[in-house]
Amino acid sequence: MQWETVIGLEVHVQLATHSKIFSGASTAFGAEPNSQACAVDLGLPGVLPVLNEQAVAMAVQFGLAVHADIPEVSVFDRKNYFYPDLPKGYQTSQMYHPIVGPGEVEITLDDDTTKQIRIHHAHLEEDAGKSLHEDFHGMTGIDLNRAGTPLLEIVSEPDMRSAKEAAAYLKAIHSIVTYLGISDGNMAEGSMRCDVNVSVRPKGQEAFGTRAEIKNVNSFRFVEKAIAFEVERQIELIEDGGKVIQETRLFDPERDETRSMRTKEEANDYRYFPCPDLLPVVLDQAYLDHLRSQLPELPAEKRERFQQALGLSAYDASVLSASRDMAEYFEEVHHVCGDVKQAANWVQGELSGALNRESLSIADSPVSAVQLGELVQRVLDDTINGKAAKQVFQALWHGEGASADAIIEAKGLKQVTDTGAIETMIDQVIADSPAQVAQYRDAEPEKRGKMIGYFVGQVMKASRGTANPQQVNGLLKDKLDALL
Amino acid sequence: MALEDSHVRRAAHLARLAVSDDQASDFVEDLSRILDMVDQLQGVNTDGVAPLAHPLDATQRLRADEVTETDQRDTFQRCAPAVENGLYLVPRVVE
């Protein structure tokens, strides 16, 4: 039997406000436990929530970026349940009238094809605190600093058909929220968390299968792994005559598996009702127009422009527009050096390689975009050759000079293009390599092309890498062939 | 609509309220009468009436995104039954 996978994602994005969604307590990460939990966050008697205007603006910006309907009126509801890290006994959320209505996000797949994933809605809500289960004399410790931190929950339609599509969708959301600057998108610190709904159905069947919800999927890689495991589990179960039950499962990255969370004796019954402490939020057209006019160029638009206006390949355009930092860095290098292809190659090659090796993000690159642009410029105007350029890059990386020019000067890397000087070096190498010259002479003419590499290497070595390789090649060929 | 004992016990459990047997039967009666009144309201034609999100005819005021609270942990934790290392301690929660 051929099976089809159906996936929907709920992504919780922590909004980058300074203060909480309903109180003036700080949202800074890493503070002393409970030092940023105020009376409102603790749900003490008599307190009233007041909505943070920035949280509203950020949610609307997201909505505009995914071409969503933004309803004029949205309403906060209470989602009631008891858990120690939820001091009020309810989470203030939006159930019936969310701030962002239906929209869509374009994802790019490995083969450069694109697909539209529909957004069902996105709503504002507050985060809960953290429970620490390490042993406190058999008790659980509660830190409420995170309680009240604004979250935007983005709910997709079940439009994804593979783990790869789900990962591409998550990346697209990540890049939109970081471009907008409404979240730092740091998955390791929990700024973006993801629940995955997965089901399978026989290919061609219209009705959805029974889905399982997987929680705790907190990296792009885990999304793919968790789905791959879950799909296989469900197919095996059904093929063995079993039935998938609707349940919540937890992904365990260490064992690379999902497992059933203990099912509560009672199905979730959150008894949502409109929060009487908060009035309806009304957004007028002028407000939406103002926010729309402030939107930055978004990843999809940038990708399009990189392809159309700059002539980059679909692949290069998508890599270079993946994050706003990456795109801005690339554009600066291009601006300084004036050559699109070289700028793209250096950013994706030497720079990305060095960043990956040291697990740095491009924002933390020791080599600035201007420095790299000037370096590329020196390659383009033939001041240095490609090999020396890599040396200069390493020197810039390790802070051995303020600019490419200073390093080229200090290390004497200026390319030698003086024919006389190169010829002198060639004559010396030929004189020092009688055996190789003899081999060259005796070789079949079509094999000589390869053998010349040895001589080129020797001349480059003699010039400490500064000779122009094309020139060396041409002159060597002439001189060796004259010996035949 | 007539409520049954099990409805009341379920609602009490969800709200973590301890309800004795006597109280439960009283609640069955009281709440059933309230629901009867709701049934009566259901009979009113509400076509073209927008749902009411809040009884006040006003919209939500927003506040500027500024940190205005200071750390008052010591004060807040004075009424907590158990604290340690700045954490509130509660009976063990099993995930």
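Biologist: How much area do chain A and chain B bury between them, and what makes it count as buried?

Modeller: In this predicted model, chain A and chain B bury about 4000 Å² between them, 59% of it on carbon and sulfur atoms. That area is called buried because it is accessible area lost when the two parts are put together, summed over both.

Biologist: How many residues are in contact on each chain?

Modeller: On chain A there are 54 residues in contact with 36 residues of chain B, and the residues on the side of chain A that touches chain B divide into 29 nonpolar, 15 polar and 10 charged.

Biologist: Why is the link between R10(B) and D269(A) called a salt bridge?

Modeller: The closest N and O atoms of R10(B) and D269(A) are 2.8 Å apart, and the rule asks for a side-chain nitrogen of Lys or Arg within 4 Å of a carboxyl oxygen of Asp or Glu, so the pair qualifies. Across the interface of chain A and chain B, the rule finds 2 salt bridges, and the count of residue pairs in polar contact between these chains, both at pLDDT 80 or more, is 21.

Biologist: Which element gives the most residues to the side of chain A that touches chain B?

Modeller: Strand 9 of chain A gives the most, with 5 residues; the elements giving two or more also include helix 2 (53–65) and strand 8 (130–136) of chain A.

Biologist: What makes strand 9 of chain A and strand 3 of chain B a pair?

Modeller: Pairing requires at least two bridges, and strand 9 of chain A and strand 3 (residues 87–91) of chain B have 4 bridges in the antiparallel sense, so they pair. In strand 3 of chain B, P91(B) is the bridge partner of M139(A).

Conventions
Residues numbered from 1 in each chain as written. Chains lettered and ligands numbered in written order. Predicted model: local features only at pLDDT ≥ 70, side-chain atom pairs only at ≥ 80, totals over all residues. Heavy atoms only, no water. Contact = heavy atoms within 4.5 Å. Buried area = accessible area lost by both parts, 1.4 Å probe. Polar contact = N/O pair within 3.5 Å; in protein donor to acceptor, adjacent residues only side chain to side chain. Nonpolar A, V, L, I, M, F, W, Y, C, P; charged D, E, K, R; others polar.
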